[in-house]
Amino acid sequence: MTDLQVGHTQPEIEVEGLRKTFGRREVLRGVSFALERGGFLAVFGPNGAGKTTMLRVLATLLTPGSGSVRVAGHDVREDPMPVRRAVGLISHGPLLYPDLTAYENLRFYADMYGVEDREARIDELLDRLELSHRRYDVVRAFSRGMRQRLAIARAVLHRPRVLLLDEPHEGLDPRAVDILDGLLAEIRADHTFVMVTHHIGKGLELASRVMIVDAGRVVYEHAAGVDAEAFGAVYREHVQEGSAL
Amino acid sequence: MSATVQFAAIVRKDLIRELRTREVLVSVFLFVMLSLVVFHYAFASEESDLTFFTGGMLWVTFLFGALLGLNRSFAQEKDEGCLDGLLLCPVDRVTIFLAKTAANLVLLLAIQVVAVPVFTLFFVERSYVGDLPLLVLVVLLADLGICALGTLLATISMNSRARDLLLPVLFLPLIVPVLIAATSATTAVFAGDTGLGELAGRLVFLAAFDAVFLVAAYGTYDFAIGE
Amino acid sequence: MEASQVGLERAAPGAAGWRRLIGAPALFAYAGAALVAGLLLAFWYAPVDASSMGFSQKIFYYHAPIAETALVAFGVAFVAGILYLRSGDLRYDRLGMVAVRLGLLFSLLVMGTGMIWGKAAWGAWWAWEPRLTTFLIACLLYAGYFVLRSMVDEESRRASYAAVLAIVAFIDVPITFFATRFLPEGLHPVVIRAGGSGMEGSMLLSFLVSMLGMTLLLVAMIRLEYAAELLKDEIDDLKTTLWEVGQ
């Protein structure tokens with residue numbers, strides 16, 4: 001499907017009845033939601049609720065067990081290639097090759113995604129993420145914060161329309177947090193985001209919609225607008241006893 | 001973003017990584033050298049004319065060396081979580097397969113380029129320089145089969161428990177045809193009875209094996225690597 | 001996944017008559033009949049082999065059908081593997097596993113009967129000749145199939161990998177057989193030559209009857225074991241449901 005008219009109302013992400021089972025364990029039990037283009041969805045929920053699994057399905061790393069999932073106008077099961085081109089993922093692991101330099105890592109991904117202005121784009125990102133001075137250093141020698149920064153560069157290298165973030169602020173030093181937030185603010189318009197996070201403050205600050213997932217189901221989904229304290233109450237109300245935030 | 005560019009990117013990435021760490025190259029090479037020494041002592045006796053065993057010794061060594069190398073190269077990918085990064089890319093899974101097979105092939109050949117002359121020095125009496133092109137052809141065709149099948153199986157075993165044990169258990173029975181053909185062809189070259197007809201038969205067989213398994217891998221690799 | 005779908009019915013009142021004709025119990029009966037008939041034919045009807053092997057040749061009436069049946073079992077696993085990869089239906093995985101298990105069993109029998117025949121005909125328990133060798137490798141290969149299954153925890157992944165292996169293995173077995181013929185010609189008498197079976201009429205009949213019996217036996221065993229696997233799955237599902245309800 002292509003963008004035929006300006007102002008078309010096709011949601012950027014459409015999930016309907018998503019179920020996913022691993023062996024005999026049902027991790028996602030019928031998740032449904034939609035996110036319009038330019039939206040920012042913050043996803044909260046206890047550990048093991050299935051948030052990461054959901055993100056991986058959106059990224060095409062996992063196939064849906066049943067249900068339909070459409071991202072950027074394409075079905076993730078029938079048509080995963082265009083989805084991959086349109087999506088960038090920042091996840092727990094940096095997805096970087098430790099024995100390659102920062103430059104070599106980015107060059108690899110640029111080639112894989114077919115980024116046309118490869119050299120310029122790499123320069124631009126290394127600069128933006130304050131890693132230019134480490135361009136030819138092997139990633140194994142990077143600190144955790146630097147690795148995360150490079151991972152961000154990797155994720156946005158191919159200018160994806162949709163960004164999927166799995167607890168991106170985890171383990172970042174304050175400088176890196178600022179850089180990430182700055183970057184997100186910069187590309188906020190016209191990009192669509194799904195962010196899994198435990199940071200109520202950050203999540204609410206950035207989000208246009210908020211969702212709580214518990215035990216594989218969506219238990220709350222609403223436009224953002226409450227403050228952190230009120231949301232804390234909402235969370236406790238919807239999540240079962242004994243689940244930690 | 002053509003498949004060729006992606007293919008080259010993956011091969012380049014794997015080779016750079018290997019050249020920088022030399023993890024696989026050095027250990028497998030040492031293993032190969034040590035095997036030759038072990039063979040000498042294992043078969044040492046009064047009448048130590050091992051000419052008719054030469055093909056066998058060489059290929060047993062390369063098979064086990066390849067197993068070690070394959071295990072290692074996939075372990076790296078998996079342990080560092082990089083596999084996800086690769087799977088996120090809009091790349092055909094078959095391109096990944098071909099690229100990894102090619103990279104493994106290059107590494108195997110790099111080891112063989114040194115190992116075969118050393119082996120010749122230790123065990124082969126006849127000068128087979130005239131038949132060298134034939135030997136090269138045998139080695140290339142056998143290597144292709146080993147790497148294609150090995151890459152497919154290593155992809156499966158990398159996602160399983162006890163992957164170091166699983167790969168040989170699956171790989172060795174399947175590679176027996178290659179072992180048979182390559183061994184007899186190599187011995188023929190080393191011993192000097194290169195009846196062209198017979199040798200040609202072995203070569204055709206190896207080529208056919210390679211073709212069949214490349215097609216099989218093409219059809220099944222999506223399932224071996226994805227979820 | 002009703003038990004009735006796989007033909008494992010007791011003779012319940014009202015059970016469709018024709019279904020009972022092809023249910024597992026019936027198949028076992030047919031197989032038994034054919035095998036007994038084959039036995040009788042082999043020992044009393046077919047003549048003693050004129051060649052040096054004499055009476056011991058009669059083991060051939062079991063050895064070859066068992067071999068053929070083993071290959072059929074592996075073929076079933078091959079097809080089941082392809083069907084699983086295309087559909088993701090775990091029942092094909094169960095079918096494939098059952099087929100491989102039976103194929104493995106029959107392969108062991110091939111080697112067993114082959115060794116007995118070898119001892120009787122050539123005086124040696126073992127010879128590295130094409131057929132025995134190929135079945136030995138097949139045994140090792142398909143034993144590896146079960147090792148693979150035991151090393152993958154997640155169910156659909158296990159099924160995918162097992163399917164890939166079943167496909168690759170089945171392609172490899174004939175190739176291995178051809179490869180072993182590169183080696184010096186063995187002592188194994190080739191039964192089916194190009195252009196005729198090389199057996200006279202009465203021998204052929206006994207052979208074919210045994211072949212039929214063995215194949216029916218395989219089909220019956222597959223049906224039975226497949227149904228058992230599906231029942232196991234149902235039980236597991238029930239257990240899981242009960243556990244969840246109790247939470």
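**Chain C**

I began with burial in chain C: of its 247 residues, 41% count as buried. I note here that the model is predicted.

Next I looked up the secondary structure of chain C, and found seven helices and zero strands. Read from the N terminus on, the elements of chain C run α-α-α-α-α-α-α.

I then turned to the contacts in chain C with a separation of 6 or more, and 75% of them are between residues 24 or more positions apart.

I picked out helix 4 of chain C, residues 90–122, which has 33 residues. From its first C-alpha to its last, this helix reaches 47 Å, close to the 48 Å expected at 1.5 Å a residue. Which residue takes a positive phi just after helix 4 of chain C? I found Gly123(C) there, with a phi of about 85°.

**Chain B, helix 6**

I went on to helix 6 of chain B, which covers residues 132–158 and has 27 residues. Its reach from first C-alpha to last is 36 Å, close to the 39 Å expected at 1.5 Å a residue. I also checked its burial: 21 of the 27 residues are buried, so helix 6 of chain B is largely enclosed by the rest of the structure.

**Chain B, helices 2 and 5**

I looked at how helix 2 (residues 23–43) of chain B lies against helix 5 (residues 93–123) of chain B. Their axes come within 10 Å and cross at roughly 25°. Angles under 35 degrees count as roughly parallel, and helix 2 and helix 5 of chain B are therefore roughly parallel to each other. I noted the crossing of these two helices as right-handed.

From helix 2 of chain B, the residues in the contact include Val24(B), Phe29(B), Met33(B) and His40(B). From helix 5 of chain B, they include Leu107(B), Ile111(B), Phe119(B) and Phe122(B).

**Chain A, helices 3 and 4**

In chain A I took helix 3 (residues 102–113) and helix 4 (residues 118–128), which pack at an angle of about 130° with their axes 10 Å apart. Helix 3 and helix 4 of chain A are therefore oblique to each other. Helix 3 of chain A passes helix 4 of chain A in a right-handed crossing.

Helix 3 of chain A brings Ala102(A), Tyr103(A), Leu106(A), Arg107(A) and Ala110(A) to the contact, and helix 4 of chain A brings Arg118(A), Arg121(A), Ile122(A) and Leu126(A). I sorted these residues into six nonpolar, no polar and three charged.

**Chain B against chain C**

How many residues does each chain put into this contact? I found 24 residues from chain B and 26 residues from chain C. On the side of chain B that touches chain C, helix 7 (163–191) and helix 8 (196–225) of chain B each supply at least two residues. Helix 7 of chain B gives the most, with 10 residues. By class, I list this side of chain B as 17 nonpolar, four polar and three charged residues.

**Chain B against chain A**

Last, I looked up the contact of chain B with chain A, which takes 20 residues from chain B and 20 residues from chain A. Helix 1 (3–21) and helix 4 (82–88) of chain B each supply at least two residues of the side that touches chain A. The largest share of that side, eight residues, comes from helix 1 of chain B. I class the side of chain B that touches chain A as 10 nonpolar, four polar and six charged residues.

Note on methods:
Residues numbered from 1 in each chain as written. Chains lettered and ligands numbered in written order. Predicted model: local features only at pLDDT ≥ 70, side-chain atom pairs only at ≥ 80, totals over all residues. Axes fitted to C-alpha atoms, helices over the stretch in contact; angles between N-to-C directions. Helix = DSSP H or I, 4+ residues; strand = E, 2+ residues; numbered from the N terminus. Parallel < 35°, antiparallel > 145°, perpendicular 65-115°, else oblique. Left-handed = near helix turned anticlockwise from the far one by under 90°. Contact = placed C-beta atoms within 7 Å. Nonpolar A, V, L, I, M, F, W, Y, C, P; charged D, E, K, R; others polar. Expected span 1.5 Å × (residues − 1). Buried ≥ 20, exposed ≤ 12 C-beta atoms within 10 Å, placed from the backbone.
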